[in-house]
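Q: I would like to learn how to read a model of a complex, feature by feature. Please give the general idea each time, then the case at hand.

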Amino acid sequence: MTNFPWLTVIGVIPLIGAAVVAGLPAGLTDRAKHVALGFSLVTLVFGIAAALQFENTSDQQFQLTEQHEWIPQFGVSYALGVDGIALVMILMALLLTPVCILAAWRDVPEGGKREKNYFALMLVLVTFMVGVFAATDVFLFYVFFEAMLIPVYFLIGSYGGPRRQYAAVKFLLFSLAGGLVMLVGVIALYRYGPGGADGFLVAKLTGLDLGATPERLMFVAFFFAFAVKAPMWPVHTWLPDAATEARPATAVLLVGVLDKVGTYGMIRFCLQLFPEASKWATPVVLVLAVISILYGALLAIGQTDIMRLIAYTSVSHFGFIVLGIFALTTTGGAGSALYMLNHGFSTAALFLIGAMLVARRGSKRIPDFGGWQRVTPGLAGVFLVAGLSGLALPGLSSFISEIMVLVGTFQRYPAAAVIATAGIVLAALYILLMYKRMMTGPKPELTTPVRDITRREKLVVAPLIAAFLVLGFYPKPALDMLNPAVSKTLHYVGVTDPAPTSAADGSTK
Amino acid sequence: MTSLAHLATADGAATAATGVTAYAWLLVALPLLGAAVLLFGGRATDKWGPLFATAMSWAAFVVGFVVWLAMLGRDGEDRAAHLHLFNWVPAGSFNLDAGMLVDQLSVTFVLLVTFVGSLIHVYSIGYMEHDPDKRRFFAYLNLFVAAMLLLVLADSYLLLYVGWEGVGLASYLLIGFWNHNPAYATAANKAFVVNRVGDFGLSVGIMIMFAAFGTVTFAGVQQAAEGGAGEGVLTAIGLMLLLGACGKSAQFPLQSWLGDAMAGPTPVSALIHAATMVTAGVYLVVRSSFVFDHAPNAQLAVVIVGAITLIFGAIVGCAKDDIKKALAASTMSQIGYMMLAAGLGPVGYAFAIFHLLTHGFFKAGMFLGAGSVMHGMNDQVDMRRFGGLSGAMKITWITFGLGWLAILGVPPFSGFWSKDKIIEAAFIGEGWRPWVFGGAALIGAGITAFYMSRLFFMTFHGTKRWQTDGDDAVHPHESPRTMTIPMMVLAVGSGLLGLVLSLGGTFTHWLEPVVGGHEEGEHPVLPVWLLMTLTLLLVAGGVLLAWMRYWRDEVPQVQPTGSLATRAARRDLYQDDVNEGVFMRPGLHLTRALVFADTRGVDGGVGGLAALVGGTSSRLRRLQNGFARSYALTMLAGVVVILGAMWVIQ
């Protein structure tokens with residue numbers, strides 16, 4: 001099945017699912033979530049099947065490729081393909097989708113059309129997420145990049161919390177601003193490229209001699225959009241509002257998957273298409289990354305809203321990811337790519353379990369809790385595990401990626417790495433202070449009895465915790481997929497890892 | 001130098017593990033299985049869980065014992081074995097395998113951890129009998145044993161790090177085991193966060209190793225360090241590792257968490273915060289001997305830290321009335337001795353580990369004794385409310401007494417053999433160092449004798465300061481067998497272990513292939529007989545002073561105001577005040593300011609775009625809502641139209 005259009009199929013299934021869910025006849029409206037879950041699981045199966053076709057040792061940059069003329073007058077092709085990083089991102093998105101649908105089971109209790117649309121929007125979002133990671137045509141990427149905003153806007157603006165409108169608008173305006181700047185870059189890039197009917201292909205735009213100034217300007221245009229999306233300090237302020245107003249499942253897809261498009265874009269487009277400009281910008285980017293790490297962590301410590309706190313931890317974690325990417329070492333790059341995967345699971349667990357607690361307490365305010373380990377020991381336990389993953393406890397997945405980022409960064413930029421390492425102390429503070437305030441202390445007097453974790457909730461949490469443990473102890477399968485992609489990207493940038501500075505007689509292992 | 005005696009511990013030179021040694025992974029797997037079964041099994045395992053966990057711990061001991069026997073069957077130089085597990089972190093040029101290093105040093109720890117750990121599991125069956133959450137308690141204990149064994153068996157700094165933070169997690173969970181008391185929850189957080197400051201050092205150390213040598217395995221770093229790596233690099237690595245060790249082992253300046261950690265149940269204090277986990281810093285330094293041997297400045301830092309901490313802990317120990325906190329201060333001080341010895345280089349490594357072993361027995365024994373006293377005294381910890389308990393709790397009194405004699409260093413009890421050697425080693429050298437460090441070790445021995453005798457007399461002798469009737473009536477009684485038997489076993493160790501392991505230098509010879517040995521011709525600046533006499537005189541003086549004040553004289557039940565020095569020592573020499581003033585409060589202000597600035601400043605100032613949405617007046621918001629909704633739809637329509645147009649043109 002080498003010519004089977006895996007990526008198109010993976011993208012189309014959820015779209016069909018969305019149509020089916022939205023078009024369910026009145027009698028079957030209450031089945032919307034079941035149908036949506038079914039489609040998301042089928043997509044996941046196809047995603048795994050596609051991953052099995054993937055060869056880690058291939059020489060090609062992209063595999064599972066498809067290419068069709070789309071708008072040849074403008075050089076736009078419908079071209080899909082994945083390298084290890086893109087494939088891992090798609091798999092993560094496909095795995096998180098059923099988890100999110102299951103977590104969103106009772107998000108629209110009034111049911112009816114509103115519920116159908118809710119789940120249909122989530123499925124549409126999946127299509128766009130697959131597309132954005134699979135696109136190997138810069139313009140196609142841009143289309144998906146902007147199209148993603150639409151379902152998210154409605155998911156936040158129509159289904160979110162009390163300040164959903166404000167948050168949705170803020171999200172949209174930030175993203176559009178970034179997107180429009182990038183559009184300028186996209187068009188400019190085409191003009192510098194070879195042109196022709198497939199002139200927007202990534203392959204055609206790699207290794208161009210753009211001239212220093214145009215390359216830098218284009219780099220900035222792309223980087224700005226990705227920095228907003230990632231989000232990095234100081235353009236992060238839309239995230240806490242969006243994350244706290246969105247439904248938890250939306251927040252997971254937003255922070256866990258969508259924001260990765262930012263860091264993914266930095267690897268695929270900034271580094272690969274603008275290698276010289278990337279090197280030129282590195283000092284500034286590293287400074288912004290380190291600020292993001294510390295700033296996000298300090299802000300997280302100061303939050304009193306659970307969801308905002310988790311959002312700020314993500315600002316810090318994205319700082320680590322960007323740091324590793326721009327360290328331009330294989331270790332840092334592989335660490336960042338793995339971090340993108342791990343962060344998806346760990347932030348999903350934090351948001352979803354946090355939301356389970358919020359639903360029981362009826363408040364997002366941390367001070368409204370206290371002593372809940374005595375009320376819901378099961379939820380407290382899994383919340384702690386999720387938190388420990390957030391603070392990168394060794395043995396859980398995020399540790400490997402975090403230390404790899406730091407080790408890889410230190411090879412080239414010791415000062416940045418050492419300052420960033422302070423983030424691990426702050427991480428312990430924001431997680432453990434939250435846990436202490438919410439879970440410890442005397443058992444509270446509650447007017448209504450509260451249930452501990454339910455069967456459905458266990459199903460939501462189990463795959464995430466399994467991912468922490470498996471990737472924590474055995475990250476090799478993921479790393480084997482990511483390594484070649486990282487090496488290839490660094491090859492395009494034209495850098496090699498610094499040799500050990502003090503190796504003894506060159507024979508070190 | 002003794003580097004020739006170093007075993008090459010890589011896949012290359014250390015023999016690949018065969019026979020039973022190839023099953024060394026079970027050491028970690030068995031207790032880990034126990035923890036997993038109890039945690040994931042939930043309430044279904046309530047009934048048999050504690051016994052299962054105890055069995056898993058003993059099973060690990062049996063495996064460790066068999067591995068040790070197999071090791072004894074080989075010659076000294078062939079004893080180290082390397083067990084390759086799997087390809088763990090193949091990230092870019094950082095390609096690391098997970099493996100275990102089963103050598104004399106790690107097996108010593110394996111035996112200590114599994115034996116003392118298993119005894120404490122048994123003790124906990126009695127001690128935690130009535131706790132509703134005891135399943136969780138045993139799960140955490142198993143988790144601790146697994147993590148600690150991983151720590152000592154790891155073959156690389158990164159895998160060690162996993163065990164390192166794993167024991168930190170277990171410690172956090174167990175300190176906060178009764179976290180319905182907010183103070184205990186705070187103590188747990190404090191322990192974890194202070195340890196993370198140490199882990200900052202360990203992380204940076206790992207980064208330097210990789211950047212400088214391209215490897216983080218013990219074997220690789222050893223090869224690089226002995227192959228002429230620059231002293232500057234090794235000093236930097238050494239200092240970073242020392243920072244990590246300070247966090248884990250509660251050494252100055254990261255000592256502040258240990259006293260508060262006594263919030264945990266007493267078996268935890270015995271196992272984690274006395275016998276094993278807190279000694280991990282000493283293990284790290286000794287394991288990294290190849291780094292420190294070539295970085296004299298880092299070594300000096302280790303000695304200084306050890307010397308400061310041993311005096312610091314001893315002073316604090318003199319003023320504490322809480323029996324567990326007094327013991328905790330003593331632990332800090334004793335680890336200071338070990339650290340000092342480890343910093344002395346090859347003359348001290350073996351004695352550091354030797355003292356670590358004997359201390360593991362006598363201090364765990366005394367903590368269990370303290371737990372037994374609390375068990376019989378309604379969980380009272382204030383020694384001013386004890387007194388004269390020797391009659392009511394005979395077994396506890398005798399076992400505790402043996403531990404007391406051991407820590408005093410009275411011959412022939414265990415501590416005499418290990419601590420005296422450290423004092424001797426501290427007096428070796430040239431210039432000012434032997435006088436300063438030897439002097440500190442010597443004076444520390446005297447203070448130790450005073451505060452430990454104070455503790456012993458206040459608890460077991462003198463007048464009874466408790467009532468059998470009235471409001472706070474207590475009926476002191478001996479603890480059940482599950483508790484006393486472990487105490488007796490540890491007391492035997494406190495009595496004899498030092499002597500047995502010293503006969504013919506057994507223990508130092510055993511470790512020599514790993515850490516090198518005592519060089520011939522190195523003698524203390526004072527004759528050994530004089531040092532021994534001085535030590536014993538100081539010890540006798542300390543005991544006598546304690547006897548006068550806490551046995552012969554009446555001990556006030558209410559804490560007297562005390563001198564300036566006493567008050568300072570009661571407040572742990574103002575360690576928390578310093579930390580609060582220098583780190584916590586400024587940090588709090590910084591955080592608050594940033595939160596304020598983020599909502600007002602950064603958000604508002606990200607440009608006109610954000611300013612547009614940043615306003616909160618409802619009028620403006622309504623305006624924007626309409627604007628953005630239509631904007632989104634327009635954009636969608638725009639995309640569709642453009643694409644459609646392109647299609648048509650085509």
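Q: How many helices and strands does the secondary structure of chain B come to?
A: This is a predicted model. In it, chain B has 25 helices and three strands. Of its 650 residues, 60% count as buried. Among contacts in chain B with a separation of 6 or more, 81% are between residues 24 or more positions apart.

Q: What is the mean pLDDT of chain B, and where is the pLDDT below 50?
A: Where pLDDT is low, the predicted coordinates should not be read in detail. Chain B has a mean pLDDT of 85, with 90% of its residues at 70 or more. Over residues 1-12 of chain B, however, the pLDDT is below 50, although the model gives this stretch 35 contacts beyond near neighbours in sequence. Residues 607-628 of chain B also stay under 50, and the model has 26 contacts for them beyond four places in sequence. For the complex, the predictor gives an ipTM of 0.91 and a pTM of 0.90.

Q: In what order do the three strands of the open sheet in chain B lie?
A: Strands of a sheet pair through backbone hydrogen bonds, either parallel or antiparallel. Here the order is S1-S2-S3 in chain B, and the pairing is mixed. Strand S1 (15-16) and strand S3 (94-102) of chain B are the edge strands, each pairing on one side only. S1(B) pairs with strand S2 (residues 81-91) of chain B in the parallel sense, over two bridges. Within that pair, B:Thr15 stands opposite B:Ala81 of S2(B).

Q: Do strand S1 (residues 63-71) and strand S2 (residues 76-82) of chain A run parallel or antiparallel?
A: In a regular strand the side chains alternate between the two faces of the sheet. The two strands of chain A run antiparallel and are joined by six bridges.

Q: Is A:Ser40 buried or exposed?
A: A:Ser40 is buried because its relative accessible area is 4%, and the cut-off for buried is under 20%. The residue is found in helix H2 (residues 32-53) of chain A. Its side chain reaches the backbone oxygen of A:Leu37 at 2.7 Å. Leaving aside neighbours within four places in sequence, A:Ser40 is in contact with A:Thr97, A:Pro98 and A:Ile101.

Q: Which residues is A:Val9 in contact with, leaving aside its neighbours within four places in sequence?
A: A:Val9 is in contact with A:Phe4 and A:Phe46. A:Val9 is found in helix H1 (residues 6-22) of chain A. The C-alpha atoms of A:Val9 and A:Val461 are separated by 28 Å, and the two residues are 452 apart along the chain.

Q: How many residues line the second largest pocket, and which lie nearest its centre?
A: Rolling a probe the size of a water molecule over the atoms shows where empty space is left. The second largest pocket is lined by 38 residues, with A:Leu429, B:Val193, B:Asn579, B:Phe583 and B:Met584 nearest its centre. Two or more lining residues come from each of helix H13 (275-301) and helix H18 (414-439) of chain A, and helix H6 (182-213) and helix H23 (575-605) of chain B. H23(B) gives the most, with 13 residues. The space in this second largest pocket is about 1,400 Å³.

Definitions and conventions:
Residues are numbered from 1 along each chain as its sequence is written. Chains are lettered from A and ligands numbered from 1 in the order in which they are written. This is a predicted model: local features need pLDDT of at least 70, side-chain atom pairs count only at pLDDT 80 or more; totals for chains, interfaces and linings use all residues. Side-chain values use heavy atoms; hydrogens and water are left out. Helices (H or I, at least four residues) and strands (E, at least two) are DSSP runs, numbered from the N terminus. Contact means heavy atoms within 4.5 Å. Two strands pair if DSSP finds at least two bridges between them. Buried means under 20% relative accessible area, exposed over 50%, partly exposed in between (1.4 Å probe, protein chains only). A polar contact is a pair of N or O atoms within 3.5 Å; within protein, one must be able to donate a hydrogen and the other to accept it, and residues adjacent in sequence count only if both atoms are side-chain atoms. pLDDT is the predictor's confidence in each residue, from 0 to 100. On a 1 Å grid over the protein atoms alone, a cavity is a set of points where a 1.4 Å probe fits but cannot get out, and a pocket is an open set with protein on both sides within 12 Å along at least five of seven lines; lining residues have an atom within 4 Å of a point. Grid points are joined across faces, edges and corners, and a volume is the space filled by probe spheres set on the points.
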